[in-house]
Amino acid sequence: MKIKSGDEVIVIAGKDKGATGKVVKALPKEDRVVVEGVNLVKKHRKANPAGGQQGEVVTKEAPIHVSNVALVVDGKASRVGYRFEEDGTKVRVSRRTGKDI
């Protein structure tokens with residue numbers, strides 16, 4: 001998966017199309033990412049009187065498929081590629097600009 005935690009991404013498909021945000025969590029086994037402020041869902045939490053917890057409705061970010069987001073480089077969506085340096089290290093590269101990410 002080419003998107004990692006901490007990357008700035010833009011949503012290119014779905015109900016939040018056009019929204020940008022930072023990747024909070026990457027879930028590579030499921031090909032999904034959690035993006036800050038995107039794909040917000042309401043979750044009803046049950047009360048637990050024994051624990052002193054009151055019932056409530058919590059709004060949180062749900063995972064979105066990685067194919068529906070693109071990395072933002074210089075304010076525009078870009079695909080990600082890889083290049084090997086002379087010393088053998090692998091570096092992520094923007095396909096749009098050719099710059100290192």
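Q: To start, is valine 57 buried, partly exposed or exposed?
A: In this predicted model, valine 57 is partly exposed, with a relative accessible area of 46%. Partly exposed covers the range between the buried limit of under 20% and the exposed limit of over 50%.

Q: Where does valine 57 lie?
A: Valine 57 is in strand S5, which comprises residues 56-61.

Q: What about lysine 99, which residue forms a salt bridge with it?
A: Aspartate 74 does, and the closest N and O atoms are 3.1 Å apart. Aspartate 74 lies in the loop between S7 and S8, and lysine 99 in the segment after S10, so this pair ties together parts that are 25 residues apart in sequence. Aspartate 74 is exposed, with a relative accessible area of 59%, whereas lysine 99 counts as partly exposed at 45%.

Q: And what is the phi of aspartate 74?
A: Phi of aspartate 74 is near 55°, a positive value in a residue other than glycine. Aspartate 31 also has a phi near 55°; this residue is located in the loop between strand S2 (20-27) and strand S3 (32-35).

Q: Which residue meets arginine 83 in a salt bridge?
A: Glutamate 85 does, with a distance of 3.1 Å from N to O. Salt bridges that share partners join Arg83, Glu85 and Asp100 into one network.

Q: Changing topic, which residues gather in a patch of positive charge?
A: Lys2, Lys4, Arg79, Lys90 and Arg95 form that patch on the surface. Of these, arginine 79 is found in the loop between strand S8 (76-78) and strand S9 (80-84), and it counts as exposed at 66% relative accessibility.

Q: Finally, what feature does UniProt place at residues 2-29?
A: The unreviewed UniProt entry places "domain: KOW" there. The span is 0% helix and 43% strand, and its end C-alpha atoms lie 13 Å apart.

Methods: Residues numbered from 1 in each chain as written. Predicted model: local features only at pLDDT ≥ 70, side-chain atom pairs only at ≥ 80, totals over all residues. Heavy atoms only, no water. UniProt positions renumbered as here; feature names shortened; annotations may be inferred. Helix = DSSP H or I, 4+ residues; strand = E, 2+ residues; numbered from the N terminus. Patch = residues over 30% accessible without salt bridge, like charges linked within 9 Å, V, L, I, M, F, W, Y side chains within 5 Å. Areas by Shrake-Rupley, 256 points an atom, 1.4 Å probe, with all protein chains shown as cover. Salt bridge = Lys/Arg side-chain N within 4 Å of Asp/Glu carboxyl O. Lys, Arg positive; Asp, Glu negative; His and termini not counted. Charge placed at Lys NZ, Arg CZ, Asp CG, Glu CD. Buried < 20%, exposed > 50% of the residue type's maximum accessible area, 1.4 Å probe, protein only.
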